[in-house]
Structures are given as structure tokens and as C-alpha cells.
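Please read them with the structure open beside you.

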Amino acid sequence: MAAAPEIAPAVEQIASQWITGGAEVSGTCVAVDVTDANPADIAGAVSREHDVALAGLGTAPETVTVPDVWLPDSSTWLLRLQQEASGFKPTKISSVAQSPIVLAMPEPVAKNFGWPEKKMGWDQLLSQFGTDSTLQVGIVDPTRDAAGLNSLLAIGAIAGSGQEGLLKKTQALTALSENDSSLREELLQQFPKSTDANDLGTSLQAAPLSEEDVVAYNAQRPAVQLSAIYMEPAPTPLDYPYSIMPQVVDTQKAAAADGLLAQLSSPAFKDSLATVGLRAPDGTYGAAFQAPVGAPAASPAVKSSNGADGGKAASGVSGNDLSRAVGSWVATTLPGRVLAVFDVSGSMAKAVPTAGGASRAQVTQAAARGGLSLFNNKWAVGVWRFSTNLDGTTPYKQLVPITPLTSGRPKLEASIGELNPVPAGDTGLYDTILAAYQEVQKNWKAGRSNSVILFTDGENQNPDGLGQDEFLDKLKKAQDPKKPVRLVLIGIGNEVNKGELDTISKVVKGSGVFVAEDPARISDIFLEAIGTRTGAS
């Protein structure tokens, strides 16, 4: 069994008591080997076994093995893996503990906000971003940490939709990324070490973390204690899902795993959890729990799941929700190169009823403007348009070459206005994809995500262009394992040929197909595509 480091001691205690008391299944003695493991490491090992990768995470080295039972800190890890690897299906998932997400603040800073008498909401925190506020807010990388990811979901919900909401979210993510860390321990070290005014003013002043993080930090009796601010609305808590992994097919081993789960559902385990700063799944806590000031006696309960819930956590959070949150973070904080290629065939002039009658092209242009505003200046972006016969028999035309956003943002923004449909234009899909792929590969940059993102509402219709077999053969030969290029195909509307897009994506490792049957959802689909590395939606 691999358990998140903070819960592993409590699990070991109960497992040892069970074994000492004669643990057995069907007359066979049971032994339990519990190791503490960062959830990101095990997620990387699962990714490696399924030949996929989580955005921002990558795979784990061979020395990290997949356990029989995994107890990560959050079911968001399971959902993210299921988004990428359809074959990853744990046989049983049941929450055995809980820790609410709080905003951790040094007590002197918290008192300036009226704590503990006044409560603080996410909207108040968001108002600190994009101003001359000196509040230094950090986060643990949401691609590697569940508390960080759940906090992004809360920030996105409060920021809202539309251009104003996107601006708020971008400001928040940009500010958070200035003080982000790969590990919680690294972030905690950034909090002030004394009550000196300069130390308080230059150190980390706030970070979304788990309640357990605050309890454990304060237990070390630091010079400056952390307050736990219970934000409203409350983010999805860490729910510690006990997960029997798919490879456990031996009936005795599966029965032993069930037996251990029963031990972790006992009143004795609730008391063990309290000693390590964790709550029971129902949100209550045992007698030894060192409750932070203002902590509720019971936080909202976490429902257990058997994994057959349609890909959603008990909170209602879906894998797509997580992909959009991760996509926002990746675009806003990480470096990359992308060539955005837009279909301007005649069918893009069709109206979208759910978008107030705006055309497919207009909805796509709005999504492109929103996406461009989300990318930080570490990105380089290019724009092409395609249909048929845009330059002689060539179906595509470059509007802006791949250009650093530090200098090219105005030109790229202007190019979006040139993505209007070509009357009677058809769809030169094959030639365009091949040329775009080769263009990104030509000036491939190490240490960056190199991608083609293509939007289309139809299927290949280009008598003057490549046939499917010749196109697929050339695309396959164009790939270079040392210079990987991700191909993202985004279908628009219900007339797109998803089967054709799937056939293309299977040729390029790590590519993905995402279809927005309702074109009004293109912005969401775009973020899902950025936030995943494999698979289709």
C-alpha cells in the first residue's frame, strides 16, 4: 500500500494493530506493507504503466512502482488519470479521511483582515490581484498538488465567465505563479520566520493549503503561527480515497485489501487520524485533533464512491472540470509554442443557436481572443487560416508566424479578425495538418510544449490535395521522437467527422481529439485540450 505521507503513520498504526490481533482472510494470515509516497509520484507511475502522461507532471522513474492499494490525498488524482487512461479503473474507491482546503496566513497578517472575527471569501482574495496590494500569495503547483488544484476550481467559479471573469482568473493565476512551489514543504518554508515587520512584509503571506498542513506546521511551534481561514464558498476538500488498483486480481489479496479498508473505517482509525491532523470522512474529528482557531466542529461530509459514478467525484467535480483548471494554469504559467490553425470554410458561416445566432466563425473568434489573453508572455503563438485554394491550390495561409507574445500580441490579436468564412470554400484538412505539423517541428524548441491546435467543423474535402492514405503515411514519417509535436484537433458542431479526426490522432503519439458539439462551448473545450496530454473528449 502507498499512502500520502501525512496519513501513512495513522494507516501503519491501525494496520499493525490488525496484524497483531491476528489479521486473516479465509484462514490465511495477512501482512500489510505501508509506504508513504507523494501522490504525484504514484500518479506518474500509473501514467507510465498506461503509456500516458498528466499535464505538468510527466511519468515516474522505474524505481517507483504501482502498489496494490493506493491512498492518495484526493480523488482528483484518480479522475485525472481516468481522463488520460481509459483502462485505469480501480475496483473500489472509498474515502477514509478528510482535510478541508483553507487559506493559510501568518497570524499577524490574518488579523489585519479581521481574523478571527471576520470571515474571508474568495472574492475578497481575488480583489487583491491586479492592484497595488502587497499581499504575497503563493500556491503549490496545481498540476502536482491536489490542494492547489481544488483551489483553482474555487477561484474559477468565483471569477465567473466572460471576458471580465477571464481577466480576473488570469490575474489571479499570474499572481499565484510568482510564488509557486513544486512541493508543499517548499511553500511552507516561504512563510515568515519572525514577527519583524520586514520579514512579514517580504515573506509569503497567504497560500491555499489543507487544514492538515496548518495543523502540522503549527505543531512545530514556529515563531509565527499560521491561521487557517475557512474560505466561502468552501473548496472541495482532500478526501483520501482508498483505491484498490486494477491489477489486484488475486482473490485473497483483494479480500485482504477489503479487510484493511474495514479497519480504516473503524472508530479507532478516527482517533488515529486526529493525531496526524486529519478528520474522518464525515467531517468530524477525534479527541486528539489540534483544531485551528475558527475550525468548524464538522466540515461537510465526503461521500464514498465505488468508482461507478460516471467519472465524477462525490463533490460533483468531473475530469473535464479538472482538465479546464489545469489548462488555465498551463497556459497562464508555463512556456510553450503553438500554431493555431482555423477552419474558414463556407460552413463556418452557419449560425449557432446557443450563441444568440452568432456564426461558428464568430464563436471561434471569441474563443481565440479569450485563449490568447490567457497565454502568458512565455508563449510563442502563430495563426493560420485554411479552406481550399487560398493561395493557388494551397488550402492554407499563414497570417502570423509563430511569434513571442512579448512582441507579437497586438499582431496576433488583429489576425483573429481575418478568420472570416470563405463563401463556397471547402476543407483542405489533410494538406493543412501536415504542413502545420512540419512548421512547428521545423523550429522545435526544447523545454517547451510544441503544439498544433486545429479547429474545424467538417471533414477533408479537397480534390486537389492529398488522399487519406498518402497523408497518414507522410504524417507518420514526419514524426521525430527527439522533437515531439502534440497535435490537438478540436471539432466544432455536430457535422464534424469525429471518426476521421480520431484516425488522424492515432498516428501522432500524445495527440487528442476534442469535439464541441455545441460550438458555444469551444472555450471550455479549448482549456480541456490544453489541460490534458492524451485521450479524447
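1. Helices here are DSSP runs of H or I with at least four residues, and they are numbered from the N terminus. With that convention, the residue that follows helix 2 is Asp51, whose phi is positive, near 60°. Please bear in mind throughout that this is a predicted model.

2. At the other end of this helix, a side-chain oxygen of Asn38 reaches to within 2.9 Å of the backbone nitrogen of Ala40, a contact that lies at the start of helix 2.

3. Is helix 2 largely enclosed or largely open? Helix 2 spans residues 39–49, and because 9 of its 11 residues are buried, the rest of the structure largely encloses it; buried here means under 20% relative accessible area. The buried residues include Ile42 and Val46, and also Ser47 and Arg48. The partners against which the buried residues of helix 2 pack are strand 1 (2–3), strand 5 (69–71) and helix 3 (76–84).

4. A separate point concerns the open sheet of 3 strands, which has the order 10-7-11 and antiparallel pairing. Its edge strands, each pairing on one side only, are strand 10 (207–210) and strand 11 (226–229), and from one strand to the next the twist averages 45°.

5. Within this sheet, strand 7 (residues 101–106) is joined to strand 11 in the antiparallel sense over 4 bridges, and Pro106 stands opposite Leu226 of strand 11. Helix 10 (residues 211–219) packs on the sheet, where it touches strand 7, strand 10 and strand 11, and its direction makes about 90° with that of strand 10.

Key. Residues are numbered from 1 along each chain as its sequence is written. This is a predicted model: local features need pLDDT of at least 70, side-chain atom pairs count only at pLDDT 80 or more; totals for chains, interfaces and linings use all residues. Side-chain values use heavy atoms; hydrogens and water are left out. Two strands pair if DSSP finds at least two bridges between them. Helices (H or I, at least four residues) and strands (E, at least two) are DSSP runs, numbered from the N terminus. Axes are lines fitted to C-alpha atoms, for helices over the stretch in contact, and angles run from 0 to 180 degrees between N-to-C directions. Contact means heavy atoms within 4.5 Å. Buried means under 20% relative accessible area, exposed over 50%, partly exposed in between (1.4 Å probe, protein chains only). A polar contact is a pair of N or O atoms within 3.5 Å; within protein, one must be able to donate a hydrogen and the other to accept it, and residues adjacent in sequence count only if both atoms are side-chain atoms.
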